[in-house]
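Colleague: I have your model open and would like to check a few of the labels with you. Could you take me through them?

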Amino acid sequence: MLNIWRLQLLVQFEVLGTMQQVADVMRVSKSTVSQQLNLLEQETGVTLFERIGRQVRLTVAGRELCRKVRPVLGQLELIGNSLGESDDKVIGTVHVASFSSAMSAFVLPALRKLSGKYPQLESKASELEPNLSLPLLDSRQIDIAIVAYLGRGGSLQRFERAVTPIGSDRMQILVSRDNPLALRESVSVEDLADSVWAMEQADAYLPSYMTSLCKAAGFMPKIGGVFTSYSAMKKAVKLNMMICALPTLAIAADLDDSIITLPLIPGHTRRIFMVTRNSQKNMHTINVVSKAIQAEARRKLGPEVIK
């Protein structure tokens with residue numbers, strides 16, 4: 001009989017990609033992970049890993065074993081989490097990760113309302129970009145991920161995920177009232193070729209998307225500053241040092257009149273999704289939190305959901 005913990009390590013490796021990351025998530029040493037996965041190879045009698053240069057990756061047989069094992073681990077998770085649960089009680093801890101603007105706009109307000117209604121529900125919130133939250137979801141470190149994609153985005157339908165569209169917003173260009181562009185009703189990417197940009201750090205999805213739009217329009221954006229917060233970006237705009245692009249949800253409703261927001265044409269839609277694991281679909285506590293976040297998102301974004 002195959003060892004369940006070793007199978008969990010194998011699935012973690014498929015998601016996270018390195019022995020060290022698996023060790024960090026599982027709170028064991030890298031050597032322990034390597035040793036246990038070597039034992040799993042011996043148990044199965046097949047080669048699960050191959051070395052390419054300095055990197056280790058799964059073989060075809062390793063990926064096939066992960067595909068077969070993942071639903072089994074999901075069922076074990078469902079059985080374990082359902083113990084002590086009942087239809088009339090909401091008990092336990094739910095860990096939600098979300099990108100910044102959604103966290104402020106509707107995730108935290110939803111969790112606040114639930115805390116008053118369900119005193120035995122403990123919620124944890126982490127502000128993370130999708131490239132960080134989804135691996136944590138797949139490796140069972142969090143329970144709900146709120147993610148967003150501009151354009152097509154990546155494929156979310158993998159690793160036994162349950163994906164629910166919960167809303168959308170559109171890209172806006174922010175300029176100072178003193179900027180000549182402020183006289184326009186809207187702008188296209190081509191109109192921004194001579195502008196100096198404020199952008200997030202390169203590992204966020206928004207700067208990558210905007211840079212690709214600029215390149216498609218025949219120019220590279222002139223980046224005047226790289227920031228970790230929207231407030232700093234807005235300050236650079238307010239001082240007429242730079243312009244920036246932000247989705248509607250990230251623009252505060254009380255933005256003062258020194259900054260003008262211009263729709264970017266043609267429209268560029270950001271789609272927002274809630275992602276959970278299929279093995280959680282019958283968990284009462286997860287469903288209560290999911291529905292509360294969806295309801296709060298509808299209040300903030302409106303009823304239209306673009307799939």
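This is a predicted model: local features need pLDDT of at least 70, side-chain atom pairs count only at pLDDT 80 or more; totals for chains, interfaces and linings use all residues.

Colleague: Why does Arg-140 count as partly exposed?

Modeller: Buried means under 20% relative accessible area, exposed over 50%, and partly exposed in between (1.4 Å probe, protein chains only). Arg-140 has 28% relative accessibility, so it counts as partly exposed.

Colleague: And what makes Arg-27 exposed?

Modeller: Its relative accessible area is 72%, so Arg-27 is exposed. Arg-27 also has a positive phi, near 60 degrees.

Colleague: How do you know that the buried residues of H6 line one face of the helix?

Modeller: Those residues are Pro-130, Ser-133, Leu-134, Leu-137 and Asp-138. Seen down the axis of H6, they fall within an arc of 130 degrees, so they line one face. The arc is taken from the directions from the helix axis to the C-beta atoms.

Colleague: Why is H5 called oblique to H9?

Modeller: Their axes come within 8 Å and cross at roughly 130 degrees. Angles under 35 degrees count as roughly parallel, over 145 as roughly antiparallel, 65 to 115 as roughly perpendicular and the rest as oblique, so H5 is oblique to H9.

Methods:
Residues are numbered from 1 along each chain as its sequence is written. Side-chain values use heavy atoms; hydrogens and water are left out. Axes are lines fitted to C-alpha atoms, for helices over the stretch in contact, and angles run from 0 to 180 degrees between N-to-C directions. Helices (H or I, at least four residues) and strands (E, at least two) are DSSP runs, numbered from the N terminus.
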